[in-house]
Amino acid sequence: MKKMIIFEPAMCCSTGVCGPGVDRQLLRVSTVINNLKNNGILVERYNVSSNPQIFVDNKTINKMLDDDGIDVLPVTMVDDVVVKTKKYPTDEEFSKLLEVPVSSLKSTIKKPSKGCDCKGGCC
C-alpha cells in the first residue's frame, strides 16, 4: 500500500471550518482523507504549527523550506517522494497517487432498513 504524507502550512485546524470563513479546499481534503481512512487507507497530515519537529526531522521537507520558504506548502509526498507542492492533490490525483478508485474518496450515506417504520426513508 502507498504511504501519503501531507505537510501543511500553519493553521488552527485541518478541516478549514474554523475562523470567519470556510476554506472549501481544506474541507474537501479533510473529507477525502476521512473517507480514505474509512476504507483502510491512512494519509498522514502534519501542520507546521502543531507538529514542527517532523518538518525538522524530514530532510526533504527541511531542505525545501530552507530553499523555497513556507510558500512551498502544502507538500504531498508518496512513499517518501515529493509529488505535489503549493496545492493539495485533486480527487483524481489522490486516486492515481494512492492507486485507489475515485469512489473510495466519496462519502456514502446508507439508508435505513425498510423495517424502521420511518416515512420517506428518514428517521
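Which strands does H1 lie across, and at what angle does H1 run to S2? I began with this question and noted that the model is a predicted one. I found that H1 lies across S1 and S2. Its direction is at about 140° to that of S2.

**Entry: the sheet**

I next looked up the order of the strands. The sheet is open, has four strands and reads S2-S1-S3-S4, with mixed pairing. I asked why one side of S2 and of S4 is left without a neighbour in the sheet. S2 and S4 (81-85) are at the edges and each has a single partner strand, so one side of each lacks a neighbour there. I recorded an average twist of 20° from one strand to the next.

S3, residues 75-78, pairs with S4 in the antiparallel sense, over four bridges. Within this part of the sheet I located Thr 76, which stands opposite Lys 84 in S4.

H4 lies across S1, S2, S3 and S4. I noted that H4 runs at about 140° to S1.

**Entry: the nonpolar cores**

Which residues have the most contacts inside the largest nonpolar core? This core has 16 residues, and I listed Met 4, Ile 6, Leu 36, Val 43, Phe 94 and Leu 98 as those with the most contacts inside it. The elements that give two or more residues to the core are strand S1 (4-8), helix H1 (24-38) and helix H4 (91-98). I recorded that H1 provides the largest share, five residues.

With neighbours within four places in sequence left aside, Leu 36 is in contact with Ile 41, Val 43, Phe 94, Leu 98, Val 100, Ser 104 and Leu 105.

**Entry: Arg 45**

Arg 45 lies in S2, which spans residues 43-47. Is Arg 45 buried or exposed? I noted a relative accessibility of 19% for Arg 45. Buried means under 20%, so Arg 45 counts as buried.

With which side chains does the side chain of Arg 45 make polar contacts? I recorded a polar contact with the side chain of Glu 8 at 2.6 Å. I recorded another, of 3.1 Å, between the side chains of Arg 45 and Ser 30.

Technical notes: Residues are numbered from 1 along each chain as its sequence is written. This is a predicted model: local features need pLDDT of at least 70, side-chain atom pairs count only at pLDDT 80 or more; totals for chains, interfaces and linings use all residues. Side-chain values use heavy atoms; hydrogens and water are left out. A nonpolar core is a set of buried Ala, Val, Leu, Ile, Met, Phe, Trp, Tyr and Cys residues joined through side-chain atoms within 4.5 Å. Buried means under 20% relative accessible area, exposed over 50%, partly exposed in between (1.4 Å probe, protein chains only). Contact means heavy atoms within 4.5 Å. A polar contact is a pair of N or O atoms within 3.5 Å; within protein, one must be able to donate a hydrogen and the other to accept it, and residues adjacent in sequence count only if both atoms are side-chain atoms. Two strands pair if DSSP finds at least two bridges between them. Axes are lines fitted to C-alpha atoms, for helices over the stretch in contact, and angles run from 0 to 180 degrees between N-to-C directions.
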